[in-house]
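Q: Hey, can we go through this structure together? I'd like to start with the charged side chains.

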Amino acid sequence: MHTPVRDHLLKCEQCRSGDPLPFEFTMAFQPIVDVQERQVAAYEALVRGVDGAGAASILDRVTDDNRYRFDQACRTKAIELAARLGIECRLSINFLPNAVYEPAACIRATLAAAERFDFPIERIVFEVTESEDMVDKGHLTTILRDYRDRGFITAIDDFGAGYAGLSLLVDFQPDVVKIDMGLLRGVDADPVRQVIVDGVIDICRNLQIDVVAEGIETYEEYSWFRSKGVRYMQGYLFAKPELEALPSIDWPD
């Protein structure tokens, strides 16, 4: 008879065995820029098909049977490519909390990849998406605290897109909060969005959490966030993701 613990252990064994995934994938990289210093603060590794197909084409093939292996493979692939491309700033990696059974066991492949490719762990950012189908907050908090204790940087991605955001901040304060693009879209002309985003910025500032405005597409959105003192931004206004490459930056005047 299979129990939840036994199922998790079996999947951990699959990770250790190095069994290949039934599909191939790679990464595209998009910069997170520091508009104050006009330099790249980090690159986010984004899952892509080897032919450049979007993330959905890969994520649709992730199942309960390969979720653990996929999460581990994503981390290793991102670190390998970052080292090959000579990334000297932070590297943001999205992880699946439902694919982490026990933090100490599930971090081994990441640590091994960082050592193998000589990539400092203090420059690795682990991002988790704030969403309604998130693993239970207690388990997620345990994972994030373990990662921080090991020297990794922690971030909540797509903040404002789900339902757990503010209550998650009560239990755990990450190093970085990335405001969801759906919340900031057209913020320069929307008084309601301005009030809400202003509140998020103030909360993060008081908690000493860095804010990233994610999904900036227009000069007006950029200018609004600059006026609020937000220095870290990401979006098509600056650069689109490039497959296994580091894109050049278009700096607004």
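Q: Okay, which side chain meets Glu37 in a salt bridge?
A: That's Arg231, with N to O at 4.0 Å. A salt bridge here is a side-chain nitrogen of Lys or Arg within 4 Å of a carboxyl oxygen of Asp or Glu.

Q: Before we go on, what kind of model is this?
A: It's a predicted model, where local features need pLDDT of at least 70 and side-chain atom pairs count only at pLDDT 80 or more, while totals for chains, interfaces and linings use all residues. Residues are numbered from 1 along each chain as its sequence is written, and side-chain values use heavy atoms, with hydrogens and water left out.

Q: Back to that pair: where do Glu37 and Arg231 lie?
A: Glu37 lies in the loop between strand S1 (26–34) and strand S2 (39–48), and Arg231 in the loop between helix H10 (219–227) and strand S8 (232–234), so the bridge ties together parts that are 194 residues apart in sequence. Helices (H or I, at least four residues) and strands (E, at least two) are DSSP runs, numbered from the N terminus.

Q: How many salt bridges does the structure hold?
A: It holds 15. One of them joins Glu214 and Lys178, at 3.5 Å from N to O. Glu214 sits in strand S7 (residues 210–214) and Lys178 in strand S6 (residues 176–179), so this pair links parts that are 36 residues apart in sequence.

Q: And are Glu214 and Lys178 buried or exposed?
A: Both Glu214 and Lys178 are buried. They also belong to a network of salt bridges that links them with Glu44 and Glu127.

Q: What about Asp198, which residue does it form a salt bridge with?
A: With Lys228, where the closest N and O atoms are 3.4 Å apart. Asp198 is in helix H9 (residues 191–206) and Lys228 in the loop between H10 and S8, so parts 30 residues apart in sequence get tied together. Asp198 is partly exposed at 23% relative accessible area, and Lys228 is partly exposed at 28%.

Q: New topic: at what angle do the axes of H3 and H5 cross?
A: At roughly 15°, and the axes of H3 (residues 67–85) and H5 (residues 108–116) come within 9 Å. That makes H3 roughly parallel to H5. Angles under 35 degrees count as roughly parallel, over 145 as roughly antiparallel, 65 to 115 as roughly perpendicular and the rest as oblique.

Q: Which residues in H3 and H5 meet?
A: On the H3 side they are Gln72, Arg75, Thr76 and Ile79, and on the H5 side Ala109, Thr110, Ala113, Ala114 and Arg116. Contact means heavy atoms within 4.5 Å.

Q: Now Val40: what is it in contact with?
A: Leaving aside neighbours within four places in sequence, Val40 touches Pro31, Ile32, Val33, Cys89 and Ile249. Val40 is in strand S2 and is partly exposed at 21% relative accessibility.

Q: Last one, what's the phi of Asp118?
A: Positive, about 55°, although Asp118 is not a glycine. Asp118 is in the loop between H5 and strand S4 (124–129), and at 67% relative accessibility Asp118 counts as exposed.

Note on methods: Axes are lines fitted to C-alpha atoms, for helices over the stretch in contact, and angles run from 0 to 180 degrees between N-to-C directions. Buried means under 20% relative accessible area, exposed over 50%, partly exposed in between (1.4 Å probe, protein chains only).
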